[in-house]
Each structure stands twice: as structure tokens, then as C-alpha cells.
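Please examine the structure shown here, with attention to its helix packing, its nonpolar core and its backbone geometry.

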Amino acid sequence: MADFRYHLSKMGATTSTLRVAPHGYRVASEAPEAFRLVVEGEKAYVSGRDAMAVSHGLYELLERMGCDWVMPGELGEVVPENPDPGPEDCDIEESPSFQVRNPWYNGGAACVSQKEYEEFAVWRVRKKMHNFCNHDLFMQGGHMWDEIINRYADVIKEHPEYLALVRNYDGTYERRGPQLDTSNPAVVGLFEDYIRWVFESNKWPKDRAVCLGIGPADGAGFSESPEAKAEGTGRIDPMTGLEDQIDTLVLLCNRILEHIGDEFPNLHLGFYLYSVHAEYPLKYKPNPRISIVIADIFYSRYHSSRDPVPSRIFYRKILEKWASSPVLKFFRGYNWNLFDKCLPFSKLKVWADEYPVYHAMGVEGSTTESEMSWATTGPGNYYEAELLWDVTADMEKTLRKYCDHAFGDGADELYGYYMELTRRQCEAKQEAGGIFATRLIFDRDFVKWAYGRFDAAERKAKKEEEKNRIRHMRFPVEQLDEFFDMQERHFSFDFAGADRTMLRMMDERQKVHDERDHWVSQASVWYMDWYYRRALAKAAVFSQEPYEIVYRIPEELPTVFDPFKRGRDLGFDDGRLNDADFIKTHTYAIPWAAQGLSSMPTGSVWYRIR
């Protein structure tokens, strides 16, 4: 209520009375968080089933008076100087499309300040979202097998057979973590003991409705024991090239619930639907008390499941299979390109295509892992908030509203920019998530065109806060310009020059991060170091005195694939091998996915150079 009065005061308006709405204006809907807003002349009535619902109604009223919040913090507040004319008469009831609406900043205190956390929390409330997962059966805990190993370390030390039997590169096998061998009945017993401990330590009644995660540790290393292999299907996951584990997980959940389901009648068990456990099971029917949390991390970051690219076509088929299952479903997405946090990137069409699919298949809500880089992710974050409340929200209309409110008279220029950015990204026919695919989506002409858009937008905008937003939203284009310079130097074997450009990009990201909250993430600097700069720095060292480059690898070479890593035994290193008709592939300038080679995620490749 204090925030409501704050906005009224900024508009020069006041409210003399705030009281319980008369009975005739109460909300009729039984839906959680439903509110009713009635405007009659100079009077407005807001009612809801609880305080949160009333809050949603108050912010709806403020929006109808011209307010908006295009990002967290004071710079994101859009408050008209004069609320007249007031909101038009209306009588509406609304309730959210998704019960859970909780995007969250990742990175912890090393990346996000307390002030930024608090401002993001306020922004979520203003956009009718939450600062918590308001669903009793939202999964508690995710990657749990390594936690089980740690908790029962003494037991597992005596029984190493509880750990996964993993094949080493030399062909030998050993028992090791972080995964377990869940074909062993004693391991299932550890999970049951752990669940009882969770209930007891939290002093929960046994009939409490709760979902506990029992998913694997993050990564690979699953058991290849004869018993584990017999329980699996042998199906290969095409995204990783490893054996699919979804049946292993479903069987584990089914066994636990079969043993202790009556003891804990409202217990659900959950896991992330991703990595090598992302498909629909072939052998085992999921217990209805299973919960899945869909995480689309292993598929193209540039596309939606409606785009004609292999990984997203595969993802769409998985969703179609789970849609008819009665299990609880949630979504855990990502709002940025996972290999870079600052170059131009759009989630607009991805959200527009995917959230209606999730809603239709019964997904209860979303907890998007969000990067604090609003200079890049701003339009997508805004649109996601709108979709979570109303899944029918139109992408182009919402983007138009966002641009009008954020950029004022410069809106047309940046609306055009974001539409073109989105078009180029979604029409790209390759899938690689790393920044080395960036040059296949954008080029120097795009940079020049984008600069023109931002220059014109800043000239046209009248308010200083609008100009300020435009200047900050321009930063990813400036980084793209520098990126092209870095990559051109890199591909010409000027590693020292490329390294200098990358260091300048990192310094510029750090500067913007330090100057303004929310715009550029601290992790965007670290990512460049982790994924690219360390290798580039080594190349810079060994390409200069006292060293020198003695051979420049061609950009295209005859290629032979070695999926089983037996190429030396097959003589692929023999100079006499006839390679006259071998296919040629790009060695460094174009990612494999763009060459149609993304279906070989494991193994080795040999390039032939004479």
C-alpha cells in the first residue's frame, strides 16, 4: 500500500480514503490471486481473495493510470507527470495464467548486491509476480545424488558398490561418484531414510504436501553395471551422445513411492528434465506423484520449439509426450545466452512460442534463472512477466508498450531494432550457443544499422531518463562491434591483437557494471575470461617472440570422423591414407552445428594436412 501511495504522490494525486470495498464489488472468482478492479468515475474499487491479489489489482490500477516499470530500480519507473485524464471506467476480474511466477537473479552475492536483489524483488511485485514459490508441491532441492553420497559417506565407504560403476578411458571400470547405482535396493533405502530424516528434522506431519527432489548430481558418470544397464533402455540421448537415464529416474521414484507412499500420502518426488534425463520414459510408467521441472539448457538458445532446427524439434517432441502425463510440471528456463551475457540476444520469440505450449500442457509455473544484464535481456524480461500473468499477451504489442514507456519518442527506432534482432536470431539455421556463432547471425552492416537506430532514438527522446535508458541499451551493440574486431584478428592469427581487444571489452563491461545497477552482470566479465580469454592469452604468448607461428592451419581441411576414438588404430594418422575425396569442413570460423555436424556430440575428429 505504501508503494501505491508513493506512485500517486509522484503523479501529484492523492487518495483520501482506502477502505474495504463494498460487498457488491467483491471478487467472484475462486482462482488463487484473482482480483477485481472496478472504476466508476473518480472512484476505484479493488478486491481480492488475499493481500497478494489486492496488490495485483492496485498495480493494475496504476498501469491504467499510465505507470509502468520497465526494469528494476528508480530508472525503471515510468510515472506520468499528470494522471488526468484518469483511468477509464471498467469492471474486470483477472487471475494469473501460471501459479508460480518467480524469475530470480543467479550468481549470489559475488554478482548481485543486496540493493539489486531488493530492487528486483520490488519489480517482481509491481509486475504481478512473486518473491517465492507459492506452490506446496514445487520441488525442494534439485541435484541430490551427491548430497546423498555426502550424507551417508560412512555407509558408502563400507559399500562402494552403492556408487556408479563408471568406465574409464583405458577401458577399466571403477566405482565412483557423483552418481549412484540406483539398481541396488540398498541405495533406494538410503533415499527412503533421507526422506524420513527431512520430515523429522523439519517437524513436518507425515501427511504434509511437499515435493522433494531426488534427481542425479549435475553432469554425467552414470552407472554401467549389468544391473543398471538392464534397468535402462540403451537409448542414446542425441544432445550428449550418452545413454539416456530417464527410465532410471522414473523407476527410482516409482520404487520409493511404492515403499513409503502410504506412510507419506502427500509426498511427491521430483527431478530436472534435462541433460541425459530429458526424454519421456520407454519402459516405466511415471507414478502420478512424480513432478518434473523442465530445463531447456541443452537445446538451441537462439530458437523456440516452433523453429525448424534439430535440437528444438527434438525438444518439441519431448514436450508433446509429457503433455498427456498427469505428473506435476514446472519450467526452469534461462533468460540469457549461456555462453555470453552481454552481446545482443533476444528471448522475445522464444517466450512467445514456448509459454503458450507450457500452459497448454499444464505447467504450473516458471522460475527462470535470470542474468542481471538488463542492457541485453530487458525486453525479454518485461515480456516474460506479462506472459506469466496473461499467456495470451501478444509479443509485438507488448514490445511496443515496452518501447513506448522506456524510450518515449525514441520508441519507433528501438522497436524496429528489437524486432530485427529477434528475426535474425530466430531465422538463423544454426544452433551453437557460444559466441563463435554470433558472426553467422549478425555482421558489420547490422552494427552500422543498429548504431543509426540508437542515435536517432536518443535524438528523438525528450526526457533525460529515456535518453539514459537508450544509451545503456546501446552497450551490447558496442560490444558486438568490438567482438567483430576481436574475431577478425583472431582468425588472421593476430592473437596478441585479439587478446588486447578482448581485454578492452572486459574492461568496458566492468566499467558499466560498476557505474549502473542491473545493466551489465559482473559474471559477463568472468564468462569472457573463462570461455575465451584464457585460451586467447596463451595463443598470444606462443605467437610472439621468443616463439613464432610456423604453420597457419587452413580454415578448411579434409576431415574424417572418429566416433569411437580409435582413429590411430585405423591409420587416420598415416600419410599414405587416400584422403582425396574426404569431405572438407571448416576448422575454426564456423561452428559444427552450422555445418550440419551437431548430431555427433562425442568422439574425435581428424583433420588431414600435408
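The paragraphs below take up these topics in turn.

This is a predicted model, in which local features need pLDDT of at least 70 and side-chain atom pairs count only at pLDDT 80 or more, while totals for chains, interfaces and linings use all residues. Residues are numbered from 1 along each chain as its sequence is written, and side-chain values use heavy atoms, with hydrogens and water left out.

Two packed helices are described by the angle between their axes and the distance between the axes. Helix 1 (residues 2-10) and helix 2 (residues 51-64) have axes that come within 10 Å and cross at roughly 10°. Here helices (H or I, at least four residues) and strands (E, at least two) are DSSP runs numbered from the N terminus; axes are lines fitted to C-alpha atoms, for helices over the stretch in contact, and angles run from 0 to 180 degrees between N-to-C directions. Helix 1 and helix 2 are therefore roughly parallel to each other, a label for angles under 35 degrees, with over 145 counting as roughly antiparallel, 65 to 115 as roughly perpendicular and the rest as oblique. In this contact (heavy atoms within 4.5 Å), Asp 3, Phe 4, His 7 and Leu 8 of helix 1 meet Leu 58, Tyr 59, Leu 61 and Leu 62 of helix 2.

A second pair is formed by helix 11 (residues 374-389) and helix 12 (residues 395-407), which pack at about 120° with their axes 10 Å apart. That angle makes helix 11 oblique to helix 12. From helix 11, Gly 378, Pro 379, Tyr 382, Tyr 383 and Glu 386 take part, and they meet residues of helix 12 including Leu 399 and Tyr 402.

Pro 379 and Leu 399 also touch Tyr 418, as do Leu 348, Cys 403, Phe 407 and Met 473, when residues up to four places away in sequence are not counted. Tyr 418 is, with Ile 195 and Leu 267, among the residues with the most contacts inside the largest nonpolar core, which has 164 residues. Such a core is a set of buried Ala, Val, Leu, Ile, Met, Phe, Trp, Tyr and Cys residues joined through side-chain atoms within 4.5 Å.

The backbone has cis peptide bonds, with omega near 10°, from Gly 177 to Pro 178 and from Glu 545 to Pro 546. Pro 178 is in strand 9 (residues 173-180), whereas Pro 546 lies in the loop between helix 18 (522-542) and strand 16 (556-562).

Positive phi values occur at Lys 203, near 55°, and at His 518, about 75°. Lys 203 is exposed, with a relative accessible area of 76%, but His 518 is buried, at 1%; buried means under 20%, exposed over 50% and partly exposed in between (1.4 Å probe, protein chains only).
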